[in-house]
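User: I'd like to go through this structure with you. Can we take it a piece at a time?

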Amino acid sequence: MKTIFLFLILLVSPIFAQVAMVKTIKNDVRIKRAYDIFPIKTGFLLNEDDVLITGKDSSVGIIFTDGTRLSLGAKSHIVIEKYIYDPEKNNFAFDLNMTKGKAMFESGKFGTMAPEKVKFKVPDGIIGIDGTKFYVDIK
């Protein structure tokens with residue numbers, strides 16, 4: 001029985017690998033995960049495909065496993081579409097899709113190891129990373 005349980009944990013865990021942690025929250029910040037939408041708190045762990053939604057007069061700060069920092073302002077909506085940070089296998093991918101709001105992005109190790117693998121999608125294009133910081137304001 002223990003063997004079956006351990007096998008199931010190992011089988012499922014890569015699917016739900018945490019990619020970031022919520023460091024700061026102000027007011028109403030929610031996450032859409034699968035079919036559920038619920039409020040989150042500081043320390044909450046984020047996965048690929050999570051959607052972060054900030055309310056009026058709200059903000060959130062998150063840090064990814066490579067040290068990249070992302071801050072979202074009020075009325076923001078962003079999807080963590082893909083995040084792979086595996087320097088040992090030279091495997092990198094970082095895709096974010098922001099449809100509205102304000103964001104401040106400061107790259108961590110991705111900025112030096114694989115900047116070409118970072119894609120920050122916005123309604124009218126994609127922002128490529130060629131530095132360490134940028135600010136986005138989508139109306």
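User: Which residues is Leu70 in contact with, leaving aside its neighbours within four places in sequence?

Analyst: This is a predicted model, and in it Leu70 contacts Val60, Gly61, Ile62, Phe64, Ile78, Leu96, Ala103, Met104, Phe105 and Phe120.

User: Which residues touch the most other members of the largest nonpolar core?

Analyst: Phe64, Leu70, Leu96 and Phe120 do, in a core of 30 residues. At least two residues each come from strand 1 (18–26), strand 2 (29–33), strand 6 (59–64), strand 7 (69–72), strand 8, strand 9, strand 10 (118–122) and strand 12 (133–138).

User: Which strand gives the most to this core?

Analyst: Strand 9, with six residues. As a general point, nonpolar side chains tend to be buried together in soluble globular proteins.

User: OK, strands. How do strand 8 and strand 9 pair?

Analyst: They run in the antiparallel sense, with nine bridges between strand 8 and strand 9 (residues 91–106). One example is Lys82, whose bridge partner in strand 9 is Asp95.

User: Is Asn90 buried or exposed?

Analyst: Asn90 counts as exposed because its relative accessible area is 61%, and the cut-off for exposed is over 50%.

User: New topic: how many aromatic pairs does the structure hold?

Analyst: There are 13. One of them is Phe94 with Phe110: the ring centres are 5.2 Å apart and the planes meet at 50°, so this pair is tilted. Phe94 belongs to strand 9 and Phe110 to helix 2 (residues 110–113), 16 residues apart, so the pair links distant parts of the chain.

User: Is Phe94 buried or exposed? What about Phe110?

Analyst: Phe94 is buried, at 0% relative accessibility. Phe110 is buried as well, with a relative accessible area of 0%.

User: What kind of pair do Phe120 and Phe134 form?

Analyst: An edge-to-face one, with 5.2 Å centre to centre and 90° between the planes. Phe120 is in strand 10 and Phe134 in strand 12, so the pair ties together parts that are 14 residues apart in sequence. Both Phe120 and Phe134 are buried.

User: Which residues do ring pairs link into a cluster?

Analyst: The cluster holds Phe64, Tyr83, Tyr85, Phe92, Phe94, Phe105, Phe110, Phe120 and Phe134.

User: Where is Asp124?

Analyst: Asp124 is in the loop between strand 10 and strand 11 (125–128). Asp124 counts as exposed because its relative accessibility is 81%. Its C-alpha atom is 9.8 Å from that of Ile138, which is 14 residues away along the chain.

User: Last one: where does pLDDT stay under 50?

Analyst: Over residues 1–14, for which the model has zero contacts beyond four places in sequence. Where pLDDT is low, the predicted coordinates should not be read in detail. The chain as a whole averages a pLDDT of 86, and 83% of the residues score at least 70.

Note on methods
Residues numbered from 1 in each chain as written. Predicted model: local features only at pLDDT ≥ 70, side-chain atom pairs only at ≥ 80, totals over all residues. Heavy atoms only, no water. Pairing = 2+ DSSP bridges. Helix = DSSP H or I, 4+ residues; strand = E, 2+ residues; numbered from the N terminus. pLDDT = per-residue confidence, 0-100. Contact = heavy atoms within 4.5 Å. Core = buried A, V, L, I, M, F, W, Y, C linked by side-chain atoms within 4.5 Å. Buried < 20%, exposed > 50% of the residue type's maximum accessible area, 1.4 Å probe, protein only. Phe/Tyr/Trp six-rings, centres within 6.5 Å; stacked < 30°, edge-to-face > 60°.
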